[in-house]
Structures are given as C-alpha cells and as structure tokens.
Amino acid sequence: MVMETGWLEPETAADARVKIERENHKLEKRLCRQVGQAIVDYNMIEEGDKVMVCVSGGKDSYAMLDILLKLQARAPVHFELIAVNLDQKQPGFPEHVLPQYLAQLGVPFHIENQDTYSIVKRLVPEGKTLCSLCSRLRRGILYRVADELGASKIALGHHRDDILQTFFLNMFFGGKLKGMPPKLVSDDGRHIVIRPMAQVAEKDLVRWAAHRQFPIIPCTLCGSQTNLQRKQVSRMLQDWEKLHPGRIESMFTALQNVVPSHLMDGTRHDFKGLKVTGVASADGDKGFDAEEFAAPATLPALQVLRFGD
Ligand code: SF4
C-alpha cells in the first residue's frame, strides 16, 4: 500500500495472514478441482463404491485422503472411504501416529501389521536395493486387504510428477513409451486401482501438507537407498521447467494426446496396410507441421524446420 508520504507501508502481520489464507483457499480449490476432474475423466469412483485409500504417512497419501474426504461430502454419488495403512515393521516406525491421526479425522481405517521389513532384509543381498521386493510384497498384501474389506477400488497417492518421471524412466531404461495409468486393473485381475491425484503437481502437495500440518512419517526408515534414477529424472524435469516454464505442463498434456500414426509402433497403427484414400482430409498430415509450432524465442527457426534430420 502506498502511504501519503509516497513510502510503501510495511505489510502488517494481519495483511500477511489474509494473503496466506487467500492463497491456501485457492490451493484447496485447485486440488479439489483437479482431483474431481480426474475422477470424472477416468470414471474412477462410481455410486456405491467402497474406496480403500492407501495411506503411507507421506505427504501425498495424506493429501489424497484429505481431498477425497472433502469431495465425498459434496459428491453427487454416494461412496465410502476406508483408509488403510500397512505397517511394515521398519525399525523406528512410529506406529501410533497414523491411528491417532485417522481416529481424530473420524474416517474408518484399518492398520495392517505385516513384517515385510524382515523378509526383504533376509532375502535381498546386502548392498542391493530393497524396494522392488518390498513393493511386490506390499502390493500383494494390499490386494488381500482390499478383498477382506470388500473394497471395490484401491486408491494410490501418485501425482502428476510421479507419472511423468515414470514415463521418462520407462523410455530411458525400459525402451517403452509407457507411463503410470490413472486407472488400471490390478495384475491379479481382481481389483481396480485408481490414482485420483494424477493431475496434481507435487509442489502443490508440498504446500498443502505444510498448510494442513500432516504428521509426516519419513520414508527412509527402512534404510534402503531411494531410487537414484528416479531422483535424477526428477531433477532433469525440474531443470527443464526452470529453463522453460510450462514444459512440465506441456509434457503432461502430451501424455493425454497420443497420435499413434505419428509414432513407430506397428501394433498401434497399421502402417503396412496404409492405402491412399483419394480423399483430402482437413485433419490429414501436411507432411510439414512447422506451422503448428511457435518457434521458442531461444530456438532459431531453422532448428524447427529441419525435418529431414
Ligand atoms: S523405501 Fe523402504 S519401504 Fe519404501 S519401497 Fe523401498 S524398501 Fe520398501
């Protein structure tokens, strides 16, 4: 605010509080909108569903439960939520934290106690990463629990950045154009797994977790190295975003806008059987798509036009 003297009036503590509240309110609306949109776009939750919300004690799954509870209160369809935590008996796991938090929230919950930590420690040779076996065991247990609880859907807290990282990991190390689906049939063929936060940016979840003061349980208790390749890809994406703001958003949009006829997978597009139609198509390929791109200021136009490379 400009004072009569022409000096800027220092922001009062009350002004700062109002500003923070406004920002948090905007963030809450955005999170609800994005989660609601994903639920609708992929038909994730239907009338009468019992959704098992997997809560690990990390910021993402706390946020997922929080937002699903808000949406449940105003959704046009009736569905149940049950929070499930798998206590894997890692040394130092604060086993009172989640039950206390969930009880105080008033949400039905179940804590599944299974000592997978000892199993992976026993079976995985010293120095090797524990995560792959640990995740396989966890997945099997969660499917069993979903059966026992009569859950029709299993909700996982992966977000937009997890999905993009997985896409690049699969491309770099697996030779596959494959991400992480927002909705899938589980590998045992018996469950529908959903990722309601598929459209949510991780930075928003960091802010939401701080605002809501979730009692975060660190994920390093098992002592395993977290996935180094995923960390590297995450850093690469963040660096790109810094250099070219909006790039993450654009890549994420691309995942929802696939053109198999312009890739090279013969099982997705019948390249061999292509025949001329003799009919001009307004949507047809012009051969040169340069006009679809606005050359970024940092790129010389020539770079965009070199199709023969
Ligand atoms: S970090 Fe630890 S708890 Fe998490 S998947 Fe890896 S081994 Fe399991």
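Helices here are DSSP runs of H or I with at least four residues, strands are runs of E with at least two, and both are numbered from the N terminus. Serine 61 counts as buried, at 6% relative accessibility. Buried means under 20% relative accessible area, exposed means over 50%, and partly exposed is in between, with a 1.4 Å probe and protein chains only. Leaving aside neighbours within four places in sequence, serine 61 is in contact with Cys54, Val55 and Ser56; contact means heavy atoms within 4.5 Å.

Two notes on the model apply throughout. It is a predicted model, in which local features need pLDDT of at least 70, side-chain atom pairs count only at pLDDT 80 or more, and totals for chains, interfaces and linings use all residues. Residues are numbered from 1 along each chain as its sequence is written, and side-chain values use heavy atoms, with hydrogens and water left out.

Next, show the aromatic side chains. A search of the whole structure finds seven aromatic pairs. Rings of Phe, Tyr and Trp (its six-membered ring) pair if their centres lie within 6.5 Å; planes under 30 degrees apart count as stacked, over 60 as edge-to-face and the rest as tilted.

Select tyrosine 62 and phenylalanine 214. Their ring centres are 5.2 Å apart and their planes are at 20°, so this pair is stacked. Tyrosine 62 lies in helix α2 (residues 59-74) and phenylalanine 214 in the loop between α7 (202-212) and α8 (228-243), so the pair ties together parts that are 152 residues apart in sequence. Tyrosine 62 is buried, with a relative accessible area of 0%, and phenylalanine 214 also counts as buried, at 7%.

Tyrosine 101 lies in helix α3 (residues 97-105) and phenylalanine 214 in the loop between α7 and α8, so the parts they tie together are 113 residues apart in sequence. Tyrosine 101 is buried, its relative accessible area being 9%.

Move on to Phe167, Phe168, Phe172, Phe173 and Trp240, which ring pairs link into a cluster.

Now select the ligand. Seven residues surround the ligand, and the closest are Gln90, Leu130, Cys131, Cys134 and Cys222.

Then go to aspartate 187, in the loop between β5 (183-185) and β6 (192-194). Aspartate 187 is exposed, with a relative accessible area of 58%. Leaving aside neighbours within four places in sequence, aspartate 187 is in contact with Arg139 and Tyr143. Glycine 140 is 47 residues from aspartate 187 in sequence and 9.7 Å away in space, C-alpha to C-alpha.

Finally, show the whole protein chain. The chain has 10 helices and six strands. Of its 309 residues, 35% are buried. Among contacts between residues at least 6 apart in sequence, 73% join residues at least 24 apart.

Key:
A residue is near a molecule or strand if one of its heavy atoms lies within 4 Å of it.
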